[in-house]
Amino acid sequence: MSHEIKSPIPGTFYRKPSPDEPPFKAEGDAVAKGDVIGLVEVMKSFHQIQSDADGVVASFPVEDGEPVMAGQVLAVLS
Amino acid sequence: MDKLLIANRGEIAVRIIHAAQSLGLKTVQVYSAADAEMLAVKLADEAVEIGPPQAAKSYLNIDAILQAAKETGADAIHPGYGFLAENAGFAQAVADAGLIFVGPDAATIRLMGDKAAARQQASLAGVPTVPGSDGIITDMEAAAQIAEEIGFPVMIKAAAGGGGRGIRVAEDAGTFRALAAQAASEAKAAFGDGGIYIEKLIARARHVEVQVLGDGHDATHFWDRECSLQRRRQKVWEEGPSAALDEPTREALCGSAAALARKVGYKGAGTVEYLYDDTTGAFYFIEMNTRIQVEHPVTEMITGFDLVAEMIRIADGQKLRHGLTPRRGHAIEVRLNAEDPANNFMPFPGVVSGLEVPEGDGIRFDHMLYEGYAIPPFYDSLLGKLIVHGTSRADALDRLAGALAQLRIEGLATTKPLFEALLKAEDVQSNAVHTKWLEPWLETQDLTQGDEAA
């Protein structure tokens with residue numbers, strides 16, 4: 001059973017709060033509903049992406065700093 | 001100059017292509033992978049993809065831009081605004097590649113980009129600067145004395161801070177000592193540097209700026225613009241000339257900007273920004289922007305002068321053609337952004353499903369739109385600028401209302417409802433605004449979209 005966290009908006013996906021800080025979540029980390037797993041920057045404004053389920057991060061299909069479309073999978077929970 | 005490369009995107013790229021074409025130049029538009037469908041790509045004679053969507057890998061990639069110039073045989077580069085426009089390293093790299101940079105030389109960009117150096121140049125040119133400590137103070141006794149001389153209220157800023165962090169306002173000598181000591185110790189703890197500086201607080205300020213143009217030897221001004229309506233320090237509405245200034249003040253302010261441009265041997269189009277103290281009528285230099293600005297059409301409407309064409313001519317080695325330019329009437333520009341004013345100005349990228357551009361005397365719409373265009377989410381939200389020109393400010397306000405009623409951008413949320421609401425605001429009609437006016441006013445408004453959003 002896996003769960004996908006999708007981006008509600010298009011933009012650029014960031015896994016870290018700022019370039020010098022560690023990622024919000026690493027693969028293997030436990031995640032609770034409401035936890036921030038990343039940011040999506042759209043037109044120079046930043047939006048927090050929160051997990052909509054409890055689980056453990058299995059993978060991040062999108063690299064830090066890469067463009068994403070609305071609806072694209074940002075993280076997979078197991 | 002024969003072929004101009006445009007190192008930018010969006011509405012300003014379109015604007016530069018039109019100016020280049022009017023001068024008989026061929027054009028090369030560079031673009032990121034996300035911008036292949038943008039209007040400027042369609043309008044330019046040639047287009048070169050320079051990298052992925054992220055600006056850092058495309059529009060900020062100096063090597064890729066120079067490579068595109070080399071491949072296409074472009075002999076000049078226009079940087080537009082934003083991106084690399086005020087990057088001295090880029091201006092230098094363009095010159096080192098044997099190409100013409102449409103703008104001032106690298107040394108001028110560096111000089112005016114350094115706040116302290118620019119302030120010093122302004123002082124030397126006789127331009128008033130905001131009274132302050134002229135540097136960092138560590139001695140609290142000296143600080144108190146300087147504050148007395150400047151006059152209260154004063155702002156206390158941490159030298160190592162930035163972005164408004166750690167700013168305190170002291171209303172009188174009594175509170176100053178305590179606040180300055182607090183600011184210094186906090187700065188010491190946060191940044192390892194307890195230095196502070198002090199600046200006069202202007203409680204009710206207007207943002208007034210002066211358009212200048214220089215050819216490296218001589219410089220002149222093209223009058224002023226007022227941009228006091230700002231949200232999160234972003235201008236949303238610009239007009240000119242400022243209705244707040246009387247003529248002697250305007251002449252002194254505009255003359256001081258031209259003097260500064262002459263002092264630094266300015267080449268190209270630039271803007272000297274000021275704070276205008278609405279209470280005392282005094283004006284103070286803030287900074288100089290060494291680029292063409294978003295709101296340059298305001299000046300073009302009141303002077304009848306094509307500033308972008310002129311900066312290209314000057315870059316090509318031609319002399320400034322005009323002394324003092326007469327001005328006529330009043331112009332207003334509003335910025336149509338892909339943002340939803342009803343939802344805290346949330347960005348709204350999407351597809352333009354319908355477009356109706358306003359037309360008529362004194363109406364201009366500089367934009368990057370066409371029906372079916374998908375606005376990419378990777379860059380700023382500016383879609384276009386609606387500019388109107390009237391015989392007076394009241395006439396321009398009327399024309400703005402008429403032009404907004406004609407403008408339809410379907411499929412997106414835009415800032416159009418903001419301007420419809422602003423036109424109804426008494427303070428806007430009577431020009432009783434200042435730089436801190438818009439945000440509190442927005443708190444009292446319900447800016448729902450019309451029937452245009454999808």
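Predicted model: local features only at pLDDT ≥ 70, side-chain atom pairs only at ≥ 80, totals over all residues.
Residues are numbered from 1 along each chain as its sequence is written, chains are lettered from A and ligands numbered from 1 in the order in which they are written, and side-chain values use heavy atoms, with hydrogens and water left out.

**Overall form of chain B**

- Chain B has 15 helices and 20 strands, where helices (H or I, at least four residues) and strands (E, at least two) are DSSP runs numbered from the N terminus.
- The radius of gyration of chain B is 23 Å, close to the 22 Å that the globule rule gives for 454 residues, so chain B is as compact as a globular protein of that length; the radius is taken over C-alpha atoms, and the rule is 2.2 Å times the number of residues to the power 0.38.
- Taken along the principal axes, the C-alpha atoms of chain B fill a box of roughly 65 × 50 × 45 Å.
- Of the 454 residues in chain B, 56% are buried, with buried meaning under 20% relative accessible area, exposed over 50% and partly exposed in between (1.4 Å probe, protein chains only).

**Contact with chain A**

- In chain B, 15 residues are in contact with twelve residues of chain A, contact meaning heavy atoms within 4.5 Å.
- The area buried between the two chains is about 1,000 Å², and carbon and sulfur atoms give 73% of that area; buried area is the accessible area (1.4 Å probe) that two parts lose on being put together, summed over both.
- B:Pro347, B:Pro377 and B:Phe378 supply 44% of the area that chain B buries against chain A, more than any other three residues.
- One salt bridge is counted between chain B and chain A, a salt bridge being a side-chain nitrogen of Lys or Arg within 4 Å of a carboxyl oxygen of Asp or Glu.
- That salt bridge joins A:Glu66 to B:Lys57, with the closest N and O atoms 3.8 Å apart.

**Helix α6 of chain B**

- Helix α6 (residues 115-124) has B:Ala117, B:Ala118, B:Arg119, B:Gln121 and B:Ala122 buried, and what covers the buried residues of this helix includes α5 (106-113), α9 (247-263) and β13 (283-289) of chain B.
- B:Asp114 caps the N-terminal end of α6(B), with a side-chain oxygen 3.1 Å from the backbone nitrogen of B:Ala116.
- After α6(B) comes B:Gly126, which has a positive phi, near 80°.

**Salt bridges within chain B**

- B:Glu287 forms a salt bridge with B:Lys115, the closest N and O atoms being 3.7 Å apart, and this pair links strand β13 to helix α6 across 172 residues.
- In that pair B:Glu287 is partly exposed at 26% relative accessibility, whereas B:Lys115 is exposed, with a relative accessible area of 57%.
- B:Arg291 and B:Glu86 form a salt bridge with the closest N and O atoms 2.4 Å apart; B:Arg291 lies in the loop between β13 and α10 (296-303), and B:Glu86 in the loop between β4 (76-78) and α4 (88-96), 205 residues apart.
- B:Asp366 and B:Arg364 meet through their side chains in a salt bridge (2.8 Å, N to O), and both residues are buried.
- A network of salt bridges links B:Glu209, B:Arg225, B:Lys235, B:Glu238, B:Glu273, B:Glu295 and B:Arg335.

Definitions and conventions
Polar contact = N/O pair within 3.5 Å; in protein donor to acceptor, adjacent residues only side chain to side chain.
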